[in-house]
Amino acid sequence: MLPVVIPLGAVIFALLVRRLVAKRRFTVPRAAVAAALGVYAAGIAANTVFPIYVHVTPGAQPWTAGVVFVPFVNYELEDAVTNVLVFVPLGILFALMFAKPSWWRALIAVTATSLGIEVTQFAVQELFGGGHIADTSDLLSNVVGGLLGYLLFATLTRMPGFARFAERFRWAAAETTDARARPDVASEPCALDAGGPRVSAPARYRAPREE
């Protein structure tokens, strides 16, 4: 398991950092968000895809591959709470990474992530022998957790102190700052340059014409 999930997290981290560098948005706080997502992805893969039984012993009962389409039938409360809480951090990370954060973007991203996990679980069952089964209850619980994480972050950013702290980690902050037009130095009445203060030139005096 570790020889797979550790390189997976490292690759995700490297790709995200490369994206930050390419867009000239790299900072240590934003790189920390990329690292958090890489570690998160590795942990999710370790707990949702593995174990994978490549060589099943002849006497073992085969794992019946399938999908639970009807949600919350014989679904334990502990499983529901776990799947909700596990996706709360993902909703927060998406809120930090989106250029234009919104609840529906978070909904799409979280749903796609959870659906990808469930499809992977089903594929592992079909190709090898997986210890997990694809379940729509997991999907719905994950989506709820991701949205809760996004809404929690959006609520906390209404507090000025937390908003200033979170701004350091937002990936879109650099884009917002760069998009602002900087005032022209020459247009300022008193601008500083390497030669010291510079004032705007006085208006040229024009003598009145004699009648």
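Asn83 lies in helix H3 (residues 77–97). Helices (H or I, at least four residues) and strands (E, at least two) are DSSP runs, numbered from the N terminus. The model is predicted: local features need pLDDT of at least 70, side-chain atom pairs count only at pLDDT 80 or more, and totals for chains, interfaces and linings use all residues. Residues are numbered from 1 along each chain as its sequence is written, and side-chain values use heavy atoms, with hydrogens and water left out.

Asn83 is buried, at 18% relative accessible area. Buried means under 20% relative accessible area, exposed over 50%, and partly exposed in between (1.4 Å probe, protein chains only). The Asn83 side chain makes a polar contact with the side chain of Asp138, at 3.2 Å. Such a contact is a pair of N or O atoms within 3.5 Å; within protein, one must be able to donate a hydrogen and the other to accept it, and residues adjacent in sequence count only if both atoms are side-chain atoms. Leaving aside residues up to four places away in sequence, Asn83 touches Tyr75, Asp138, Ser141 and Asn142. Contact here means heavy atoms within 4.5 Å.

Aromatic rings were examined next. Five aromatic pairs are found in a search of the whole structure. The ring centres of Phe153 and Phe162 are 6.0 Å apart and the planes meet at 70°, so this pair is edge-to-face. Rings of Phe, Tyr and Trp (its six-membered ring) pair if their centres lie within 6.5 Å; planes under 30 degrees apart count as stacked, over 60 as edge-to-face and the rest as tilted. Phe153 is buried, with a relative accessible area of 6%. Phe162 counts as partly exposed, at 26% relative accessibility. Phe162 also forms a tilted pair with Phe165, 6.4 Å centre to centre and with 50° between the planes. These two residues, Phe162 and Phe165, are three apart in helix H6 (residues 160–167), so about one helical turn separates them. Phe165 is partly exposed, at 44% relative accessible area. Ring pairs link Phe153, Phe162, Phe165 and Phe169 into a cluster.

The protein as a whole has seven helices and four strands. From the N terminus on, its elements run α-α-β-α-α-β-α-α-α-β-β. Of its 211 residues, 35% are buried. Among contacts with a separation of 6 or more, 74% come from residues 24 or more positions apart. The accessible surface is about 14,300 Å², and 66% of it belongs to carbon and sulfur atoms. Accessible areas come from the Shrake-Rupley method with a 1.4 Å probe; for residues, only the protein chains shown count as cover.
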